[in-house]
Amino acid sequence: NMHDSNQYNMLLGFGGVEGSGPIIRNTAHATAPGQCSKCHMPDSRHSFTVSYNACAPCHTESDAAARIQSTKSEVITELLNLRLQMENWAGAKFNDRDFWDYTSIITAEGKTPPAQTEVPIEIKRARHNYYFVIRSGDYGAHNAPYAKHLITVAVTNVANAAGKG
């Protein structure tokens, strides 16, 4: 199962199944002085909550908040579509829409999962990226280009698995 705290990996743009093509690994946020503390602990606050005033001089507080909300909305929609595609694949392959998921999650639902040898590598890669983006906890806020790339690669993997039958 996926580790639950990969925010730094997402920020720096590594750890997902990347596929081919141009990859935007990181943005200006990854090289900002102070990295995590720049946004989450400005002015030496120790609350570790986001402070949009820390986004200056590149963004105003309202611009930063709007960008984050727009990005999160877009990424969540893409994640929901990806999950639906994985569920459709599992329903067609195993007659159970949950069987795309990790064995531990399927077992926790009281079901007997298929042998992982029956789950193609493309689905395993897609599910990795799905959880990588979700468990970063930011829905693209730390590194939108990388999150969106991982979802695109996952969608391609699911389509490839579906094409194999």
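Reader: Which residues of α3 and α6 meet in this model?

Author: In this predicted model, T71, E74, V75, E78, L79, L82, Q85, M86 and W89 of α3 are in contact with A144, K148, I151, A154, V155, V158, A161 and A162 of α6. By class, that contact holds twelve nonpolar, two polar and three charged residues.

Reader: At what angle do α3 and α6 pack, and how far apart are their axes?

Author: The packing angle of α3 and α6 is about 15°, and their axes lie 10 Å apart.

Reader: Does that make them roughly parallel or roughly antiparallel?

Author: An angle under 35 degrees counts as roughly parallel, and α3 and α6 are therefore roughly parallel to each other.

Reader: And is the crossing left-handed or right-handed?

Author: The crossing of α3 with α6 is left-handed.

Reader: Let us turn to α5. How does its axis cross that of α6?

Author: Helix α5 covers residues 121-135 and helix α6 covers residues 144-164. Their axes come within 8 Å and cross at roughly 155°. Angles over 145 degrees count as roughly antiparallel, so α5 and α6 are roughly antiparallel to each other. The crossing of α5 and α6 is left-handed.

Reader: Which residues form that contact between α5 and α6?

Author: On the α5 side they are E122, I123, R125, A126, N129, F132 and V133. From α6 come Y146, A147, L150, I151, V153, A154, N157, V158, N160, A161 and K164. The residues of this contact divide into twelve nonpolar, three polar and three charged.

Reader: A change of topic: how much space lies in the largest pocket?

Author: The largest pocket holds about 940 Å³ of space. It is lined by 36 residues, and those closest to its centre are H29, C39, I68, A141 and H142.

Reader: Which helices each supply at least two residues of that lining?

Author: They are α1 (7-12), α2 (35-40), α3 (61-94) and α6.

Reader: What is the make-up of the lining by class?

Author: The lining of the largest pocket has 20 nonpolar, twelve polar and four charged residues.

Reader: Finally, the overall picture. How many helices and strands are there?

Author: The protein has six helices and zero strands. From the N terminus on, its elements run α-α-α-α-α-α.

Reader: And what box do the C-alpha atoms fill?

Author: Taken along the principal axes, the C-alpha atoms of the protein fill a box of roughly 55 × 35 × 25 Å.

Technical notes
Residues are numbered from 1 along each chain as its sequence is written. This is a predicted model: local features need pLDDT of at least 70, side-chain atom pairs count only at pLDDT 80 or more; totals for chains, interfaces and linings use all residues. Side-chain values use heavy atoms; hydrogens and water are left out. Axes are lines fitted to C-alpha atoms, for helices over the stretch in contact, and angles run from 0 to 180 degrees between N-to-C directions. Helices (H or I, at least four residues) and strands (E, at least two) are DSSP runs, numbered from the N terminus. Angles under 35 degrees count as roughly parallel, over 145 as roughly antiparallel, 65 to 115 as roughly perpendicular and the rest as oblique. A crossing is left-handed if the near helix is turned anticlockwise from the far one by less than a right angle, and right-handed if clockwise. Contact means heavy atoms within 4.5 Å. Ala, Val, Leu, Ile, Met, Phe, Trp, Tyr, Cys and Pro count as nonpolar, Asp, Glu, Lys and Arg as charged, and the others, Gly among them, as polar. On a 1 Å grid over the protein atoms alone, a cavity is a set of points where a 1.4 Å probe fits but cannot get out, and a pocket is an open set with protein on both sides within 12 Å along at least five of seven lines; lining residues have an atom within 4 Å of a point. Grid points are joined across faces, edges and corners, and a volume is the space filled by probe spheres set on the points.
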